[in-house]
Every structure is written in C-alpha cells, then in structure tokens.
Amino acid sequence: MQKNSIERKHYSLGIIFSIFIISMASIVAFTLYNKNLNTDTDFQSKIKEIGYGKVEAINPFVLEKSENTLDKTTMNIELVQEIKRVYNINVIYGENTKYLAESVDAKTLYNEQDINKMLLELIDNLSKYPSNIFKEIQLKDYDVEICIVDYFTNDNIALATRDSNNNFKIYLSNVDRIESIEKSIHHEMYHILEYYMKLEFDINKLYEEWNSYNPKGFEYQENLELLDTSYVYKYDKEDRTYFVSIYSKVSDKEDRAEVFADTMMADEKPSYYTDNLGAIKNKMYLIANAIKNSFYSVNYGTSIYWTRFF
Ligand SMILES: [Zn+2]
C-alpha cells in the first residue's frame, strides 16, 4: 500500500515535472520564434486591444450601393470611410491632393467615375491583406495614406514615399491609364511594409540571406538603361531565373517589391515556385518570414494571402 502510494506520488510528480518542462520549452520556443516582434509592452497591449489577427471586411451593402448609385460623388465618400474603418488608411483624391500631386509631378484626378473605379480596385486588393496590418503600423505613429492621381508627368506609374516625419504615402495613377493597377498597389504596399520593418527592426538581419539567392557576383544597377534580360523570369532559361522582372535588378528593395507584387497578382502558382532552382521562391520565403516576424497581425493571422503557394 505504502509503496504503491509513494510510487503514485513519484508518478504524479513526474507528470507535473514533464508538464513544467514542456511549458517552459514552449515558452522558450515561442519567444525565439517571435524574437523580432515588438517587445514594447505598451505596444503589445494596444495591439491586443485591436485584436492581433482579427479580420474585418468592407461592408458588402456599401459596395452594392456603390454599384447601383449613379451619384458617385457621395458614394466615393462612403467608400473612403469604409476603407478608413476597416484598414485605417486615409484615401485622398481631387482638390485635397492638388499640391501633393504637384510635388511628385502628377496630375490631379477629379473625375468621380474614375475615382469610383479606383476605390473599388483598392478595396478588392486591400482585402488580400490582414485588415489590422496597417493599424499596427499606425499604432507606432506612422501615418499611412493613399493618394489617387490621374497620371505622372514623368516615367512613374505609382510611388511610395516616406517623409521626414515618417509618414508613409502611396500615389496611384488612374486605372485607365496604366497596364496593371494590381501590380502598382501591391508593389507600393510592400514598400510601406518595408518602411515599417526598416524603422522598427534590423532590416539587414531580416534579409541577411537575400544575396545568396542572386547569381554569383551579381550587383544591382540603379541606371535603368543598363539593365538587360539576363536571369529574368520568362526571358532567360528556367534554371537561370533569379528575378521576376527587369526592374527587379535595380535594387534589393525593388527586387522584393517586385517578387511580392508578382505573387500577390498570380492567379495560379507561378512556375518559379516549382522550377529546379527556386531562387525566386526562396526570395518570397524570406519576404514572408520577414513580414511574419515584424507584424503581430500576420503572425497571428490565419490565412495569409502571399503564402498561398508555399
Ligand atoms: Zn518600387
């Protein structure tokens, strides 16, 4: 009897000890895994308040109403309010962007019908992001604003800027004037995410493996006229593809924005996910990991759109 009870005590102590070890191991693993995420407790309680991976969506009734209402002027105001409510992003256009547009060599867009089309495109593409990702950026007091313009008078089709107060802005050209509004949105969005990662984390550490997925001896080239098609996806042989576009060869941050946008836009798994070399796929892995280690809303989000081909 006694022996038995002693044994049982050992046994239960053993269980308690195992549970303790397992819990400690999980805490250590969790801490290691999240080593890049913000450790600021004030920030953590704020992000907890908005709900880490919580997903909100644009009210479908507003979208339906927008389709059926002829007066686009009031509808556009409602759509802008919805974007603000769900993503905490300010969208500006028309008279409000007059001086801003001039400062980046762009023409202001006034046509409410065109603006309506742009807002619907924006809503469609924003739905591919965790709704709290931009709120998370704004919790750190960076402002995120999207400025809709008609067109640029220089070679630009879209632009992302960060001013001296660290306010982030995206400028998008009128959808009717460019080849792909989707590509512009996701390319510039990536720049915004990277601005945040650069200000809040050690970006070089996040991307320390980046150059290992470039051809040996390769160097980025800022002069667009000197860029060629070698190593570019769909131009060069499949086992020699390292870049999704010619423009990717400008700089590492443009390379990342191009890979990210290409994956966001793809209707089906691009062949660089299955080719022998996998350099572009590995670049996308690095990007996805860097974002995951920088944003709670991604780390806790259930399905992250840009990882759907992994
Ligand atoms: Zn860019």
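Strand β5 is covered on both of its faces: Phe168, Ile170 and Leu172 on one side, and Lys169 and Tyr171 on the other, are all buried. The model described here is a predicted one.

Strand β3, residues 144-152, runs parallel to β5 and is joined to it by 5 bridges. A handy landmark in this pairing is Cys147, which stands opposite Tyr171 of β5; Tyr171 is itself one of the buried residues noted above. Strand β4, residues 158-162, also pairs with β5, here in the antiparallel sense and over 5 bridges. In this case Arg162 has Phe168 of β5 as its bridge partner. Together, β4 and β5 form a hairpin with 5 residues between them.

Asn166 lies in the loop between β4 and β5, and its phi is near 60 degrees, a positive value in a residue other than glycine. Most residues other than glycine have a negative phi. Is Asn166 buried, exposed or partly exposed? With 13 C-beta neighbours inside 10 Å, Asn166 counts as partly exposed, because the partly exposed class lies between the exposed limit of 12 or fewer and the buried limit of 20 or more.

A positive phi is also found at Asp141, where the value is near 70 degrees, again in a residue other than glycine. Asp141 sits in the loop between α7 (133-139) and β3. Asp141 has 9 other C-beta atoms within 10 Å and is therefore exposed.

Turning to the helices, a packed pair is described by the angle between the two axes and the distance between them. For helix α6 (residues 112-126) and helix α8 (residues 181-200), the axes come within 10 Å and cross at roughly 55 degrees. The two helices are therefore oblique to each other, and α6 passes α8 in a right-handed crossing. On the α6 side, the contact is made by Glu121, Leu122 and Asn125, while α8 contributes Ile181, Glu182, Ile185 and His186. Sorted by class, the contact of α6 with α8 has 3 nonpolar, 2 polar and 2 charged residues.

Technical notes. Residues numbered from 1 in each chain as written. Predicted model: local features only at pLDDT ≥ 70, side-chain atom pairs only at ≥ 80, totals over all residues. Helix = DSSP H or I, 4+ residues; strand = E, 2+ residues; numbered from the N terminus. Pairing = 2+ DSSP bridges. Axes fitted to C-alpha atoms, helices over the stretch in contact; angles between N-to-C directions. Parallel < 35°, antiparallel > 145°, perpendicular 65-115°, else oblique. Left-handed = near helix turned anticlockwise from the far one by under 90°. Contact = placed C-beta atoms within 7 Å. Nonpolar A, V, L, I, M, F, W, Y, C, P; charged D, E, K, R; others polar.
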